[in-house]
Amino acid sequence: MDRRENPPPLDVCPECKATLVEADEDAHLATVYRCLDCHLPAPVCKACILKFHTHRPFDRLRMWHRKEQFWHNRTVADLGYVWVLGHGGTRCPSHTAAVKTMTVIHEHGIMDLPTVFCACEEAPPHTEQLIQAGLWPATWKRPATATTLGALETFHALEMQAQLNVHDYMNYIRQSTDDVLPHKVQDRYREFNNSMRVYRHIVARRRHGQSAGDVLKPGSLAMICPACPQPGINMRPGWEKRSAEYNYVDALHYSIDGNFHLGLKNKDTDPNDAALSEGAAYFVNTKDFKYFLEHAPKPKKESTTCHQFGAMGYGKYKGPVSGVVAITCRHSFMLPGSIVDLTRAEQYRYVDFALVSAMQRYIKLHLLVGCYDIHCQYIKNLRTRLRDEFGVTLENLESIDVAILPKIVALVGKYHLAMHKGECRHKHSLHFVPGSCMSDGEHLERVWAITNAVARRTKEMSAGHRHDLLNDHYSYINFRRLQTLVDDLVKFLETAEKRLKAATDYITEIEVSINTHHPTELDDWRQEEREWQSKVVDITQHKGLANPYEPAPTTALTTKAIAEHLEAERNQTATAGEIGSVGTVEQVIRLREDAHELRTKVVKFKGGEKARSRMADDVERYRRQAEACRKNYEACIQPAIDMALHDINTDEVGDRFPARDDEDDKSMGVPTAPPDSSGNRATPATSASQAERIEEWLKIIDDQPFLLPSDLHSCLRTHVALTEIRQVERKLREGQANEALDSLRLHLTTHLSLAFRKQQGSGVIHNSAADRRLEAKRVAIDEAKAAYRAARVTLIVLGMSPEDDKYRELKDADCVAFKVVSEEARRGDSYRNQSWIWGDFSFAGRLETGDVQKFVLESMKVHWFRQHALKTRWEEEVNVRREEMYRTVKYLEHEVDLWKGRATVAEADGMRGAAATARR
């Protein structure tokens with residue numbers, strides 16, 4: 001950087017070879033000049049720099065000051081340059097062509113530029129000469145200030161992308177002119193601001209094929225969504241005859257929302273300032289809206305059956321404009337004529353006018369699917385309000401022809417739904433209501449996140465200027481959405497097809513499981529679902545409509561029922577099967593389970609004489625069972641082990657032979673066994689005699705010399721003599737794993753019920769009892785997890801592949817109950833697969849009749865309803881995305897034909913520049 005500031009050679013101009021002389025800096029050959037914006041090979045003399053900049057008058061020049069020895073700022077005007085307009089750069093021959101000093105705002109600063117306009121008799125006005133030369137006049141009569149189109153384009157791009165304001169941009173321009181004393185540079189904020197407003201409007205007109213003198217029609221300066229249904233433009237032929245169940249495919253999906261950041265301060269501005277884009281872009285026709293407010297019947301206060309939301313008027317607002325209400329489609333395109341200014345809250349009549357205005361081009365559709373934060377209240381009397389409001393105003397409104405809207409499915413965005421009362425949610429849920437597809441209904445929140453950045457500017461503006469600027473921003477947002485729309489549709493369709501397959505596979509899997517034990521339930525559920533769907537889309541049938549997507553409060557398990565179920569589970573005892581290899585292997589497995597449970601009780605034992613007596617009886621009972629098992633074991637299993645041992649060279653095995661060891665497991669690819677859950681901390685004995693007694697009991701319990709194939713070294717358990725017994729044990733271990741999974745599913749389901757039961761009450765006594773039972777449930781869940789993991793490791797030892805699809809690895813993240821209430825829902829659930837443990841509901845069919853079975857069946861029903869709704873929403877999403885891709889192609893083809901037609905008309909009228917723009 002320092003070398004760029006080096007002194008230049010001052011002997012000869014490298015371009016014209018003229019000899020430089022030391023003289024006053026203003027002399028012709030006194031010094032050299034360079035340009036910061038051109039790529040000149042070397043600094044040149046004054047004549048050469050002017051020659052190079054005949055058509056680049058706004059470049060930044062630097063002059064080498066011989067005396068002060070540094071580079072000085074200069075402009076071409078400082079060097080005597082005069083900008084000549086017309087006649088190809090030569091001065092106009094007319095004697096009236098005088099030099100006029102123009103103040104020019106360009107990308108690098110502000111300068112006074114001597115200018116000669118063409119003064120011939122047929123010469124165009126000065127304003128047109130400036131535009132032809134690439135400058136935009138600040139006024140349209142006698143312009144003294146102009147801005148380069150490059151500066152306007154640069155600011156416009158920064159304004160749209162980075163929300164840069166005019167004040168900051170002009171400060172930047174002044175600093176670029178003189179970064180030492182920028183406040184001394186002339187202030188041209190007002191001129192630039194006015195120029196930008198007119199320039200913005202003309203650009204919008206050209207973008208939409210509207211000439212400067214054309215009368216603007218409603219929506220003529222708005223960019224509409226190619227993917228949404230546009231009757232007469234992009235809809236499939238015969239769409240009107242499509243089956244009613246597929247009306248959602250041809251429906252407009254839209255969102256309504258208010259924004260109280262985009263207000264207007266109560267300050268002294270021009271009350272007569274009108275938007276240049278009045279009624280032609282995204283704001284409604286303000287004249288029509290004013291007439292509507294003045295003449296429509298005053299709204300009646302409607303009582304709310306839900307919470308008192310701020311959008312209903314329960315809030316404080318100030319200023320002549322407190323905010324806006326707007327409507328977007330599901331692709332986040334702002335709809336034409338959809339924005340109204342609010343003077344207070346989101347009063348219904350403000351939203352009514354915005355809705356009717358925005359829907360004018362969609363009146364022919366059969367269905368509208370709308371999302372609004374307060375739809376549960378807003379939709380109730382909508383038809384009555386529209387009839388009363390527009391019945392007396394419609395004939396005097398220029399922008400609205402029809403006030404009778406198609407059928408509306410009223411929904412609430414997923415984010416705001418949780419703020420509603422429970423009785424509202426299922427009736428307006430995007431998860432459950434048919435035709436909702438896979439949308440979140442919060443599209444405007446994303447738009448507000450962008451335009452809120454300009455709120456500090458727009459609230460200071462006059463009313464018309466504010467509308468023009470916001471209209472421009474919404475067009476830019478729509479344009480950016482259009483740029484990525486095709487790629488987005490492809491991506492969204494791929495995701496939808498993938499999620500539909502996963503949802504279909506899962507619902508098919510659980511339906512097979514349910515049909516096994518409850519063959520008539522599914523038909524009843526499907527009929528109930530059809531009836532519910534037919535009613536939920538009709539607001540007149542909402543009253544008393546049940547919620548099949550959550551368990552009925554009366555089916556929730558009582559803590560007493562859960563406690564009885566836990567106790568019954570503990571009291572179940574295993575019995576040996578028929579004597580033989582199958583019965584003996586099962587007897588050994590059950591004996592080990594009994595030993596595990598009994599050992600846990602012994603290590604935690606504390607009590608008096610009666611408790612010791614009961615524990616001694618339990619240990620003695622176990623000893624007799626073990627003795628009976630010993631006889632069967634020695635008759636059925638030990639001979640096979642002895643036969644295998646006879647063929648094994650014991651010198652080549654480990655110290656623990658014939659049992660498995662870690663090295664053997666590692667060589668066979670057996671995973672590490674889970675920790676033994678029985679290793680609980682023992683309760684300290686109260687006396688030495690009790691400690692001896694506990695030690696004696698543990699010795700009896702641990703005396704289990706019964707080795708099964710899964711306990712043996714690999715060279716033994718794979719021996720042909722143990723093939724049958726190994727196969728028997730594997731089958732029984734699969735049953736053990738199944739039982740553990742069933743137990744896990746049941747305890748997860750009932751634990752959820754108990755947690756909600758706790759939330760319904762309060763107080764120390766209630767919470768303490770609930771906590772004890774919840775803890776018991778958690779212990780049961782942990783035991784079931786441990787039992788399954790241990791059984792799985794045993795199955796792998798016995799030859800099952802670790803990648804087996806049925807007996808998968810059980811992670812803690814898999815051990816979650818399926819969701820049956822809305823409060824459990826989390827963001828992104830629709831894109832997540834259900835835990836693999838819930839692919840089988842056969843455990844419900846094996847439960848004994850009672851409260852637990854009733855609750856599990858009700859939970860299973862709710863789960864089916866929710867998963868079937870999820871599958872249906874993804875199916876709807878796939879259908880709509882495919883139709884959107886078709887509509888997008890048709891819309892773009894329509895636009896190509898439209899612009900080709902405009903080019904042909906412009907060419908015929910001799911407007912070749914307009915024709916070229918249209919073709920581009």
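How are helix 17 and helix 21 oriented to each other, roughly parallel or roughly antiparallel? The two helices are roughly antiparallel, where angles under 35 degrees count as roughly parallel, over 145 as roughly antiparallel, 65 to 115 as roughly perpendicular and the rest as oblique. The structure is a predicted model, in which local features need pLDDT of at least 70 and side-chain atom pairs count only at pLDDT 80 or more, whereas totals for chains, interfaces and linings use all residues. Residues are numbered from 1 along each chain as its sequence is written, and side-chain values use heavy atoms, with hydrogens and water left out.

Helix 17 (residues 581-603) packs with helix 21 (residues 688-702) at an angle of about 170°, the axes being 10 Å apart. Helices (H or I, at least four residues) and strands (E, at least two) are DSSP runs, numbered from the N terminus. Axes are lines fitted to C-alpha atoms, for helices over the stretch in contact, and angles run from 0 to 180 degrees between N-to-C directions. From helix 17, Ala 595, Leu 598, Arg 599, Val 602 and Val 603 meet Ile 694, Trp 697, Leu 698, Ile 701 and Asp 702 of helix 21; contact means heavy atoms within 4.5 Å. The residues of this contact comprise 8 nonpolar, no polar and 2 charged. In this grouping, Ala, Val, Leu, Ile, Met, Phe, Trp, Tyr, Cys and Pro count as nonpolar, Asp, Glu, Lys and Arg as charged, and the others, Gly among them, as polar.

A further helix pair is formed by helix 12 (residues 443-451) and helix 14 (residues 463-517), whose axes come within 11 Å and cross at roughly 125°. These helices are therefore oblique to each other. Their crossing is right-handed; a crossing is left-handed if the near helix is turned anticlockwise from the far one by less than a right angle, and right-handed if clockwise. Helix 12 contributes Val 447, Trp 448, Ile 450 and Thr 451 to the contact, and helix 14 contributes His 473, Tyr 474 and Ile 477. Of the contact residues, 5 are nonpolar, 2 are polar and none is charged.

Helix 6 (residues 286-295) and helix 7 (residues 348-358) pack at about 140°, with axes 11 Å apart. Helix 6 is therefore oblique to helix 7, and the crossing of the pair is right-handed. The contact involves Asp 288, Phe 289, Phe 292 and Leu 293 of helix 6, together with Arg 349, Tyr 350 and Phe 353 of helix 7. These residues divide into 5 nonpolar, no polar and 2 charged.

An open sheet of 5 strands shows the order 4-6-5-8-7 and mixed pairing; two strands pair if DSSP finds at least two bridges between them. Strand 4 (83-84) and strand 7 (135-137) are the edge strands, each pairing on one side only. Strand 4 runs parallel to strand 6 (residues 109-116), the two being joined by 2 bridges, and Trp 83 stands opposite Thr 115 in strand 6. Helix 4 (residues 166-177) packs on the sheet, where it touches strand 5 and strand 6 and makes about 75° with the direction of strand 6. Helix 3 (residues 149-162) lies across strand 5 (99-106), strand 7 and strand 8 (145-148), at about 65° to strand 8.

Another open sheet of 5 strands has the order 11-10-9-12-13, also with mixed pairing. Its edge strands are strand 11 and strand 13 (407-411), and the twist averages 25° from one strand to the next. Strand 9 (residues 252-259) and strand 12 (residues 367-372) run parallel and are joined by 5 bridges; Ile 256 stands opposite Tyr 372 in strand 12.

The structure holds 46 salt bridges, each defined as a side-chain nitrogen of Lys or Arg within 4 Å of a carboxyl oxygen of Asp or Glu. One of them joins Glu 877 to Arg 330, with the closest N and O atoms 3.3 Å apart. Glu 877 lies in helix 26 (residues 851-908) and Arg 330 in the loop between strand 10 (323-329) and strand 11 (340-342), so the pair ties together parts that are 547 residues apart in sequence.
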